[in-house]
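Hi,

Here is the structure I said I would pass along.

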Amino acid sequence: MLKTVVCVSGGGTNLQALIDGIGQGTIRNVQIVRVISNNRNARALERAGEAGIDAVCVSPRDYGDREQFNEALLHRVEEAGPDLVVLAGFLVVIPPQLIRRYENRIINIHPSLIPSFCGKGYYGLKVHEAALARGVRVTGATVHFVDEGTDTGPILMQKAVAVRDGDTPETLQRRVMEEAEWVILPQCLDLIAAGRVTVADGKAHIAE
């Protein structure tokens, strides 16, 4: 059983996709042992509670400085004893000590086809605003492992989504979630739990 901690800042739709996948049996041998949010008003915490999953808030506002917050976040992750940490819309810079502690055991879902529209400042609607401003015809989502850069870790899976005439950032965001994020994130968890994913030479590999 792959014990998983999911970190979320907002609504938690990707979290819900994971909860549903586990419940429906499309994600096998995975248990979400804790949901962590930096936002005490996050809908994600409610989703966790409704599913009977331990949910905690670790907010930078509750600590004197960033170092204290980083230590608290690491502690809250470690006490849950996870095999994997999933960043599902977690709008917090991940502490280096957490990345080192869980090397190649943290994955993130990003709402673009990396390396497009990623890195510092690209999150949430800003990603889709940038895609529309650039006039791309195809966008999508990426699941990647987390390293100490921003959206620079080994790519595990990507799925493309067409951009339509008349799209707004909001309509594009919704379609990327429905057609890509909610599809590939559950698939990646199932693959990792099955022992089919390895990371070597800076690249992620999926065994047949």
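Predicted model: local features only at pLDDT ≥ 70, side-chain atom pairs only at ≥ 80, totals over all residues.

Let's start with Val86. You'll find Val86 in strand E4, which covers residues 84-87. Val86 counts as buried because its relative accessible area is 0%, and the cut-off for buried is under 20%. What does Val86 touch, once its neighbours within four places in sequence are set aside? The list is Thr4, Val5, Val6, Cys7, Leu18, Ile107, Leu185 and Leu189. Take Cys7 from that list: Cys7 and Val86 are 79 residues apart in sequence, yet their C-alpha atoms are 6.2 Å apart in space.

Next, the helix pair. Helix H5 (residues 125-134) and helix H6 (residues 169-193) have axes that come within 9 Å and cross at roughly 110°. That angle falls in the 65 to 115 degree range, so H5 is roughly perpendicular to H6. The crossing of H5 and H6 is right-handed. On the H5 side, the contact is made by Leu125, His128, Glu129 and Leu132, while H6 brings in Pro169, Glu170, Leu172, Gln173 and Val176. Sorted by class, that makes five nonpolar, two polar and two charged residues.

Last one: Ser59. Ser59 sits in the loop between strand E3 (55-57) and helix H3 (66-78). Is Ser59 buried or exposed? Buried, because its relative accessible area is 6%, and the limit is under 20%. Leaving out neighbours within four places in sequence, Ser59 is in contact with Asn38, Arg40 and Phe69.

Cheers

How values were computed
Residues numbered from 1 in each chain as written. Heavy atoms only, no water. Helix = DSSP H or I, 4+ residues; strand = E, 2+ residues; numbered from the N terminus. Buried < 20%, exposed > 50% of the residue type's maximum accessible area, 1.4 Å probe, protein only. Contact = heavy atoms within 4.5 Å. Axes fitted to C-alpha atoms, helices over the stretch in contact; angles between N-to-C directions. Parallel < 35°, antiparallel > 145°, perpendicular 65-115°, else oblique. Left-handed = near helix turned anticlockwise from the far one by under 90°. Nonpolar A, V, L, I, M, F, W, Y, C, P; charged D, E, K, R; others polar.
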